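Open the model in your viewer and colour it by secondary structure.

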Amino acid sequence: MRHIISVLLENEAGALSRVVGLFSARGYNIETLTVAPTEDTSMSRMTIVTSGSEDVIEQITKHLNRLIEVVKVVDLIETPYIERELMLIKVRAVGKDREEVKRMADIFRGRIIDVTERTYTIEVTGVGAKLDAFIDALDRSAILETVRTGASGIARGERVLRA
């Protein structure tokens with residue numbers, strides 16, 4: 001089962017490598033990983049997407065909590081949450097294809113953020129399945145480059161991840 005683990009950790013050199021090392025040492029796979037400072041500059045928030053049984057996720061959570069820099073660990077799928085991912089995709093757009101690519105971006109609520117005579121660069125946000133569907137809707141030969149951030153998540157409502 002897919003899990004989104006949100007980790008609040010002290011913003012210190014080496015903290016990221018210790019978390020990644022914990023996963024690799026135990027043979028756990030990280031599907032996506034995002035990390036950035038929070039509103040408190042001494043803290044960072046890391047979002048890890050991984051898959052595993054309830055027992056595996058429990059072990060991951062226990063191991064993460066043992067790391068000195070880790071302040072708090074939450075598996076977001078245990079409560080209602082919001083998930084988003086950002087994708088930048090550069091596509092070939094020449095002649096009559098330009099209008100079709102623009103129409104496709106509009107359908108997926110994407111934004112064209114860079115235009116040249118031969119290309120569009122489009123920004124699309126949403127859940128991973130939406131981004132995958134956008135890629136599938138395009139002509140594969142028109143895709144020149146794709147960059148994705150990986151999932152970020154936050155609990156719905158009043159629940160917050162704080163020290």
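The model is predicted.

**Stop 1: helix α1**

Select residues 15–25, helix α1. Show side chains for Ala 15, Val 19, Leu 22 and Phe 23, the buried residues of this helix. Now look down the axis of α1. The buried residues fall within an arc of 95 degrees, so they line one face of the helix. Turn to the face pointing away from that buried side. There you find the exposed residues Ser 17, Ser 24 and Ala 25.

**Stop 2: helix α3**

Move to residues 97–107, helix α3. Pick out Arg 98, Val 101, Met 104 and Ala 105; each is buried. In α3 the buried residues fall within an arc of 130 degrees, so they line one face of the helix. Those residues pack against β5 (81–92), β6 (111–115), β7 (119–126) and α4 (128–137). After α3 comes Arg 109, with a positive phi near 55 degrees.

**Stop 3**

Keep the strands from the last stop and centre on β7. How many of the eight residues of β7 are buried? Six are, and the strand is mostly covered.

Next, trace the pairing. β5 and β7 run antiparallel and are joined by eight bridges. Find Leu 88 and look across to Glu 123 in β7, which stands opposite. Then switch to β6. β6 pairs with β7 over four bridges, also in the antiparallel sense. Select Val 115 and its bridge partner in β7, Tyr 120. Follow the chain between β6 and β7: three residues separate them, and the two strands form a hairpin.

**Stop 3: Ala 155**

Finish in strand β9, residues 152–155, and select Ala 155. Is Ala 155 buried or exposed? The cut-off for buried is under 20% relative accessible area. Ala 155 has a relative accessible area of 12%, so it is buried.

Now display Tyr 81. Ala 155 and Tyr 81 are 74 residues apart along the chain, yet their C-alpha atoms are separated by 4.2 Å. Leaving aside neighbours within four places in sequence, Ala 155 is in contact with Leu 76, Thr 79, Pro 80 and Tyr 81. Tyr 81 also belongs to β5 (81–92), one of the strands packed against by the buried residues of α3.

Technical notes. Residues are numbered from 1 along each chain as its sequence is written. This is a predicted model: local features need pLDDT of at least 70, side-chain atom pairs count only at pLDDT 80 or more; totals for chains, interfaces and linings use all residues. Side-chain values use heavy atoms; hydrogens and water are left out. Buried means under 20% relative accessible area, exposed over 50%, partly exposed in between (1.4 Å probe, protein chains only). The arc is that of the directions from the helix axis to the C-beta atoms. Contact means heavy atoms within 4.5 Å. Two strands pair if DSSP finds at least two bridges between them.
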